[in-house]
Amino acid sequence: MRIFPILVLMFFVGLLPARAQSDQTNPPMPDRSYKLLSEDEDWSFLRDPNLREDFWDPIKYITLRGGREEWYLTIGGEAREVWEQIGNDNWGQQPYMNGYFNERYMIHFDVHYGKHVRTFVELKSALNSFRIGGPRHIDEKKLDFQAAFLELGTSGDRNWIELRAGRQEMDYGSGRLIDVREGPNSRLSFDGFMVKSKIDSWQADGFAMRPDLDKFGFFDNAPDHTVGFWGVYATRPLPRKHTLDVYYLGLNRKEATFERGTAQEVRHSLGARIFQAAATERPGWDFDYEGTWQFGTFGSAGIEAWTLASNTGYRFPRAPLKPRFSVNADIASGDHSRSNTLGTFNPLYPSGRYFGVFASTGPGPLNFIDMHPKVQLEAPHGVSIFADWIFQWRESLGDGVYAIPGFLIAAADGSQARFVGHRPGTEVQWQANRHLWFQADYGIFFAGPFLKETLPGRDLNYWALWAGYKF
């Protein structure tokens with residue numbers, strides 16, 4: 001049976017508005033939002049037929065055993081289409097305009113065999129057309145498992161523990177160190193084991209993983225046996241609506257490359273993050289502060305690296321457009337090649353949109369200092385507007401500029417220029433309904449003295465049009 005025509009039909013039917021809710025007084029509605037990680041969604045409340053109001057609700061809770069409401073199947077997915085255009089990629093290393101079309105399709109099956117056993121399978125297909133030079137590994141994946149794991153666990157609200165084995169996605173904190181790489185076309189996944197637990201106020205994950213090698217074909221992704229990734233990430237609420245994250249992360253790469261050369265890297269990261277969400281009822285401050293220290297070995301050398309990151313904002317939820325004004329101030333260490341200690345901070349697996357609108361180009365969070373003012377507005381009819389301006393410098397003059405994945409774009413090459421450049425950008429998003437959204441991005445990274453001394457130094461420009469649908 002060909003499933004694609006059926007999905008197309010369901011896509012357009014899903015544009016129809018949901019039935020109006022009853023005027024009767026009801027308890028608060030359960031969470032119907034779509035999560036970044038689909039595995040985090042809980043649709044079990046739909047076992048009550050009276051709560052079904054959306055076109056897709058019948059496939060969000062499918063009973064598997066009569067009289068056993070804990071045995072059920074959830075089906076969901078998404079489609080995303082993006083036109084990206086990059087001019088002077090890497091500030092002129094590709095001195096032309098490169099426009100291409102990205103498509104991404106994902107569908108998942110979440111099966112609960114009672115309260116203690118669960119399987120989650122998610123398929124992905126990422127396609128790229130028209131890109132000069134062909135697709136990169138982040139652009140195309142014909143068809144493969146994005147996730148496929150078995151979960152065994154206890155039940156309970158206050159204290160519980162779960163064991164997962166198989167292919168998984170990971171997303172922690174603000175995405176500065178571990179993210180699913182949502183901006184690029186093909187998301188990141190890992191193979192291995194994870195233990196998830198909740199003990200009183202603490203929720204903690206421990207894991208041992210290998211990242212999946214990105215390959216272009218059908219079901220040919222495999223774990224990268226040259227890389228080991230393990231750690232513990234814990235979080236708990238604090239008084240005054242604050243939240244604390246603490247973590248240890250370990251990384252072993254048999255071949256890691258920085259400006260000083262290539263060698264085996266064994267790196268340990270210790271960090272903490274404290275944050276408070278933006279105000280929703282009355283004007284108020286919000287913040288997100290994080291610090292990480294790294295140590296280990298790089299070949300025969302040691303590692304000493306660090307980063308400090310901050311986001312401080314103030315929101316006016318009662319004013320027209322509910323503006324939020326904020327400033328990011330971040331710094332990550334670079335290398336001093338005369339020392340026998342590698343000083344370049346490694347952001348591990350950071351967000352694919354670390355510096356805003358650039359989804360798949362521009363600088364990464366290694367050896368940098370930035371100042372990043374932003375303003376966010378909420379217009380009527382589900383429209384949100386975001387504008388920012390990034391100013392970026394090198395932390396160490398003995399180290400170069402790196403891309404988001406961590407490879408070197410421009411070596412220091414003896415340059416004493418610290419200023420890398422600046423980038424104004426804007427983003428407009430329209431959430432047409434709970435399923436359908438559209439987005440437009442535009443940004444120009446004006447090359448500073450360092451890039452003009454070490455590269456062609458042309459101004460990098462980027463724009464993209466996005467459309468997405470989730471069910």
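Predicted model: local features only at pLDDT ≥ 70, side-chain atom pairs only at ≥ 80, totals over all residues.

User: Why is T243 called buried?

Analyst: Buried means under 20% relative accessible area, exposed over 50%, and partly exposed in between, with a 1.4 Å probe and protein chains only. T243 has a relative accessible area of 18%, so the residue is buried. T243 belongs to strand β11, residues 242-258; strands are DSSP runs of E with at least two residues, numbered from the N terminus.

User: Which residues does T243 touch, beyond those up to four places away in sequence?

Analyst: Contact means heavy atoms within 4.5 Å. On that basis T243 touches T235, R236, P237, L238, R273, I274 and F275.

User: Is E255 buried or exposed?

Analyst: The relative accessibility of E255 is 67%, so this residue counts as exposed. E255 is also in strand β11. Leaving out residues up to four places away in sequence, E255 touches T262 and A263.

User: What makes the pair of Y354 and F368 edge-to-face?

Analyst: Rings of Phe, Tyr and Trp (its six-membered ring) pair if their centres lie within 6.5 Å; planes under 30 degrees apart count as stacked, over 60 as edge-to-face and the rest as tilted. By this rule there are 32 aromatic pairs. For Y354 and F368 the ring centres are 6.5 Å apart and the planes stand at 90°, so the pair is edge-to-face. The pair links distant parts of the chain, 14 residues apart: Y354 lies in the loop between β16 (341-342) and β17 (368-379), and F368 in strand β17. Y354 counts as buried at 18% relative accessibility, and F368 is buried at 1%.

User: How do you know that the charged end of R131 sits over the ring of Y100?

Analyst: The criterion is that NZ of Lys or CZ of Arg is within 6 Å of the ring centre and within 35 degrees of the ring normal. The charged end of R131 is 5.8 Å from the centre of the Y100 ring and sits over that ring. The charged end of R423 likewise sits over the ring of F358, 5.4 Å from its centre.

User: What makes a set of residues a nonpolar core, and which residues have the most contacts inside the largest one?

Analyst: A nonpolar core is a set of buried Ala, Val, Leu, Ile, Met, Phe, Trp, Tyr and Cys residues joined through side-chain atoms within 4.5 Å. The largest has 25 residues, and those with the most contacts inside it are M170, I178, F207, F229, L249 and Y349. Two or more residues of this core come from each of β7 (190-199), β8 (202-213), β10 (227-238) and β11. Apart from it lies another core of 23 residues, among them I86, V357, A447 and L451.

User: How do you know that β17 and β18 pair?

Analyst: Two strands pair if DSSP finds at least two bridges between them. β17 and strand β18 (residues 383-393) have nine bridges, in the antiparallel sense. L377 stands opposite I385 in β18. Their hairpin has three residues between the strands, and H381 there takes a positive phi near 60°. Strand β15 (residues 324-332) also pairs with β17 in the antiparallel sense, over nine bridges, and V327 stands opposite P373 in β17.

Technical notes:
Residues numbered from 1 in each chain as written. Heavy atoms only, no water. Helix = DSSP H or I, 4+ residues; strand = E, 2+ residues; numbered from the N terminus.
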